[in-house]
Amino acid sequence: MAVTVGIPRALLYYQYYPAWEAFFRTLGAEIVLSAETSKSILNQGVRLAVEEACLPVKLFLGHVADLRDKGVDMLFIPRIVSVEAKKYFCPKFLGLPEIVRCCVSGLPEILSPEINIAKKPVRTRVEICRLAARFDRRPWVIDRALAAANEAHAAYKKLLQSGCTPQEALDGGRQACREGKIRVAVLGHVYNVNDNYFNCNLLAKLREMEVEIVTVEMLPAEAFACGGKWLEKESFWSFGHELLGAGCFLLQEKSVQGLILVAAFGCGPDSLICELLARYYKRSSSIPVLLLTLDEHSGEAGLVTRLEAFIDMLRRREAV
Amino acid sequence: MRKVTYPHLGTFSLAFEGLLAGLGLDVVPPPPITKKTIDLGVLHAPEFACFPLKICLGNFIEALEAGADTIVMAGGTGPCRFGFYGVVQREILLDLGYNFEMLVLEPPQGQIKPVLDKAKALCGKCSIGQALRALHTFWRKTKALDCLHAQSLVVRAREARQGTTSKAYAQGLSLLKAARTPGEVQKSLREALALLAEVPQDHKKDILKIGLVGEVYMLLEPYANLQVEEILGEMGVEVKRAVYLSDWIKEHVFLSSLYLPGGRSVKKAAAPYLEHFVGGHGRESLGETVRFAREGFDGVIHILPFTCTPEIVAQSILPEVSRREGIPYLSIPLDEQSGEAGFITRLEAFVDLLHQRRRRKDKSIS
């Protein structure tokens, strides 16, 4: 029987899952995903994590516990430090394997290769190959797995840039109606914008209101360079860099009528990045901004009221 | 002529003020941190920014009001938020309508020119000799301040009358502040240590030893950590602070710019629990806890600003360290909402527990 590798449906799942899937499939492993985020996963995560942790990390722990209960052979929790030069992920990603090990008990083996393109590109490759060799020692199979992962990631990115949200792309590229009278940017970390339980179905709600959505993933990579030009110093977080870049790009182009920022309560990088974006938008005073801060206490009704008020305001501005 | 200011950072501000003055600059020290500083910082800073950012911002606003026009700030290259403070604070102050220049001192990212430009802006007027003398005095003073502080912690736990150590320490600090040359620094340090030695001591006290770990700013700035060292000291606890700025500068400025490894033993101590650097001081907090446990300390107090990401990683792993190394710990996040009474109650409860634990241990040995 094939070895089962558990992948939590949280955090970077939304960014890299197709690549991970292709990689492990080619190596002959079977992938088990955790269930979609639900009340019980949330509760379990909140119980396991330290109270200071942000909700995405708590959810991640909930998903890990779900996989443990499913009885997978191994868990895939890579330590993703950086995927480009001079930019890092949030410190919680850097210590994620240890956080999981210390907070969740009774875990199977954790596969945690270190991905650090900025400082250790060679080591990163070695770690990935070593990981692959655990499933299949034949070098040509490993090469094929890497190629498959690259290919899957490129295809996924292309699908996203064509206007799919990551959730739709992961569901097989089925696209919801994207016509709308007003265009609103929904910017936030990929796992905040796309976890429907976490954000109370934000994207679907906006679509119901006939709003056309723009997310970070839909923008071309060149757009992100925009943020650097506004600042003395580029953001050293990959997500922060993308958010700032996307926000500044849209502000320059003036191609959206409103901006919704989605952040997790207590998110370190976002506390500064969202502040900068809000200030830039306020200075130009042409596009309204709504900042949604979410945590485990978010009530759906309150969120809907705020969204409706925001969209109504945008409509009125258009009408005038 | 520029009027230069800087953020407060415990007693380090004394040494830094001396350095700037020694470079021939007109220094406008930020007014001491008060409730008003915090209120100003909290009012204008992002809600979820960490506490140090808010306090520094309050310092800047008060200093700019007092006439400063140049801010000297430290920076970094991530992934801790601290490296991005300067950028955000600059935008906030610009929106508030202040006219100023901000010089962020940070490691060169492959380009040496910005570093030289900033150095030139700061010591344009003085000769190289004068700059080196100022740096020498600064370094001596930083070390002297740290030495005096460490000694004050030992003395305070054993003082016969509450408050005498803090008084002697404050006198010592003002002596060191006035010192202008390396020779004077050594002389004032001797005098200050003599002042501490004169504090009447009670040698019969049962002294607990507690290590203080956590985020650097929160440990170094007494206003931010609600004077935790003084509170514990007056409960008869000998506190050892894990971080001293002179060690930090030695490791991060001198050694790392020469590509020499520093702080290896802390990293090694943390390795079984956290293999990778997590930004800020997260891994060091764990390593230092391990070291305190092995040095026979009774407990560890972990202090972090609310929402501090690197320290949250450390906080998640601390229970495991505590269990395996057998050392009790208390982890306290602090911010502008922290109440002093609740804080003291928690410290008292922790100290009581440690006393009981020690008595139990003594009993089982005898």
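This is a predicted model: local features need pLDDT of at least 70, side-chain atom pairs count only at pLDDT 80 or more; totals for chains, interfaces and linings use all residues.
Residues are numbered from 1 along each chain as its sequence is written, and chains are lettered from A, with ligands numbered from 1, in the order in which they are written.

Chain A is divided into domain 1, covering residues 4–161, and domain 2, covering residues 166–319, where the bounds come from an automatic or database domain assignment. The C-alpha centres of these two domains of chain A are 25 Å apart. Their contact draws 25 residues from domain 1 of chain A and 27 residues from domain 2 of chain A, two residues being in contact if their C-beta atoms, placed from the backbone, lie within 7 Å. On the domain 1 side of this contact, two or more residues are given by each of α1 (13–26), α2 (39–48), α3 (55–70) and α7 (139–161) of chain A; helices (H or I, at least four residues) and strands (E, at least two) are DSSP runs numbered from the N terminus. That side of domain 1 of chain A consists of 17 nonpolar, 4 polar and 4 charged residues, with Ala, Val, Leu, Ile, Met, Phe, Trp, Tyr, Cys and Pro counted as nonpolar, Asp, Glu, Lys and Arg as charged, and the others, Gly among them, as polar.

For chain B, the assignment gives domain 1 (3–126), domain 2 (134–203) and domain 3 (206–366). Between domain 1 and domain 3 of chain B, the centres taken over C-alpha atoms are separated by 27 Å, and the contact takes 17 residues from domain 1 of chain B and 18 residues from domain 3 of chain B. At least two residues of the domain 1 side are supplied by each of α2 (35–44) and α3 (51–65) of chain B, and the largest share, 4 residues, comes from α3(B). By class, this side of domain 1 of chain B has 13 nonpolar, 3 polar and 1 charged residues.

Chain A also contains an open sheet of 4 strands in the order β2-β1-β3-β5, with parallel pairing, where two strands pair if DSSP finds at least two bridges between them. At its edges are β2 (30–33) and β5 (109–111) of chain A, each of which pairs on one side only. Within the sheet, β1 (residues 4–7) and β3 (residues 74–76) of chain A run parallel and are joined by 2 bridges, and A:Gly6 has A:Leu75 of β3(A) as its bridge partner.
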